[in-house]
Amino acid sequence: MKQFNISRILIEEGAEHDPLAKKILRRLPNIPIETVGPDELAPSGDIKGMDKESLRLMRFNGEFLKPCPGTRGYICCGYQILNVGTNCPMDCSYCFLQSYINQPSLRIFSNLEDNLTVIGEIIDSSPDRIFRIGTGEFTDSLSLDYITGWTDFLLPFFSRKKNSILELKTKTSSIERIIKSRHRKRIVIAWSLNTPRIIAHQEHKTASLKSRILAAQKCQKAGFVLSFHFDPLIHYPGWGKEYQETLELLERYIDPESVIWISLGSFRYLPDLKWIINRRFPGTSIFNGEFVPGLDGKFRYFKPIRVEMYSKLSQRLKKWHDDLGVYLCMESDDIWRQSLGWSPESSADLCSYLDSRVRNLVPD
Ligand code: SF4
């Protein structure tokens, strides 16, 4: 299991009494601890601002379970975000968190366990609805699991909730804790995948493509349902051949029958993020290409480029297996039709489609 360098622990007043904070402190002996007030910024040694070596234990006062905000004017999948913390110890050049979060350090919400009852009540109050929930929106689901032990309590909790699934999305191969767990039901382990070139040049400190796929294979053999996300797809000379080779590697190791869905999304960014990326990764090639502003203010590749990328990948995926639940992330009806040959037409219908896959593929 890959461990990341944590050089200090910042603990906000009040968090030290939470059981999760106590467990984390026991797992990290010998690391200097500083007590800080809520919202008090600790002096950061990281001049570029993300402070990925400081672990901040803090109580979260917002809603732990929230719908993914989606994006205006595009078809969205109706995902629910479980807020476990923000930031991640890896460092993808394109990570939207660089402009989204205004507080540095790896933030862990120490009162998460206490709030599971409330989360359970929300899920139980709508028994006919399927809650597709993930922790991988504002952090990586597994990269800090060796410290936080999130999966120790999230797996048993969600595997008992019959109208929910928990999707744990990662770019690591850190599956040791989940493999040891006896809880499999309603747990989906998800990998973000990209070509070896993009992983090497843009996804700093993440696991290699092969080790992600081998970890996925181990999870599949251990009885977990899998999903994959090709997001962001990056357009560069040779992308077609290299994404094809990436898919070939996936096909070699993974049985498509228990893949619940595969999403495709292209690189997109708000103008603020471009400025931050250029500052943190000078000389990056990520902005090479033709981008146009979308309805939501984000820049995306010019439409014919997106359609070509989605079409090529989806056709190749279809050859592998014709029932992989391929969907597009934050795209419009006409891009769906031109790329995949069909469209759910609305966010509600995409939700129904993905819910039906949960009913059919996730063992009860
Ligand atoms: S793994 Fe995810 S959360 Fe972490 S830096 Fe990369 S994109 Fe951001």
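Tutor: First, a term. Buried means under 20% relative accessible area, exposed means over 50%, and partly exposed lies in between (1.4 Å probe, protein chains only). The model is predicted, so local features need pLDDT of at least 70 and side-chain atom pairs count only at pLDDT 80 or more, while totals for chains, interfaces and linings use all residues. Residues are numbered from 1 along each chain as its sequence is written, and side-chain values use heavy atoms, with hydrogens and water left out.

Student: Is K205 buried, partly exposed or exposed?
Tutor: K205 sits in the loop between β12 (203-204) and α8 (209-221). Helices (H or I, at least four residues) and strands (E, at least two) are DSSP runs, numbered from the N terminus. The relative accessible area of K205 is 45%, so the class is partly exposed.

Student: What is the phi of K205?
Tutor: Most residues other than glycine have a negative phi. K205 is not a glycine, yet its phi is positive, at about 70 degrees.

Student: Which loop holds N87?
Tutor: N87 is not a glycine either, and its phi is positive, about 80 degrees. Its relative accessibility is 1%, so N87 counts as buried. Its place is the loop between β6 (85-86) and β7 (91-92).

Student: What is the omega of the peptide bond from D231 to P232?
Tutor: Most peptide bonds are trans. The bond from D231 to P232 is cis, with omega near 10 degrees.

Student: How far apart are the C-alpha atoms of D231 and C329?
Tutor: A contact means heavy atoms within 4.5 Å. Leaving out residues up to four places away in sequence, D231 touches L193, G265, S266, R268 and C329. D231 and C329 are 98 residues apart along the chain, but their C-alpha atoms are separated by 8.1 Å.

Student: What does W191 touch?
Tutor: Nonpolar side chains tend to be buried together in soluble globular proteins. The count for W191 leaves out residues up to four places away in sequence. Its partners are T170, T172, I175, R212, A215, A216, C219, L226, S227, F228 and H229.

Student: Is T135 buried or exposed?
Tutor: T135 lies in the loop between β9 (131-134) and α4 (145-148). Beyond four places in sequence, T135 touches L82, V84, S141, L154, L166, E167 and L168. At 3% relative accessibility, T135 is therefore buried.

Student: What is the relative accessible area of K221?
Tutor: K221 is in helix α8. Its C-alpha lies 9.9 Å from that of I179, 42 residues away along the chain. K221 counts as exposed because its relative accessible area is 68%.

Student: What is the radius of gyration of the protein chain?
Tutor: The chain has 13 helices and 18 strands. The radius is taken over C-alpha atoms, and the globule rule is 2.2 Å times the number of residues to the power 0.38. For 364 residues the rule gives 21 Å, so the chain is as compact as a globular protein of that length, with a close value of 20 Å.

Student: What share of the residues of the protein chain count as buried?
Tutor: Residues 24 or more positions apart account for 77% of the contacts with a separation of 6 or more. The C-alpha atoms fill a box of roughly 55 × 50 × 35 Å along the principal axes. Of the 364 residues, the buried share is 58%.
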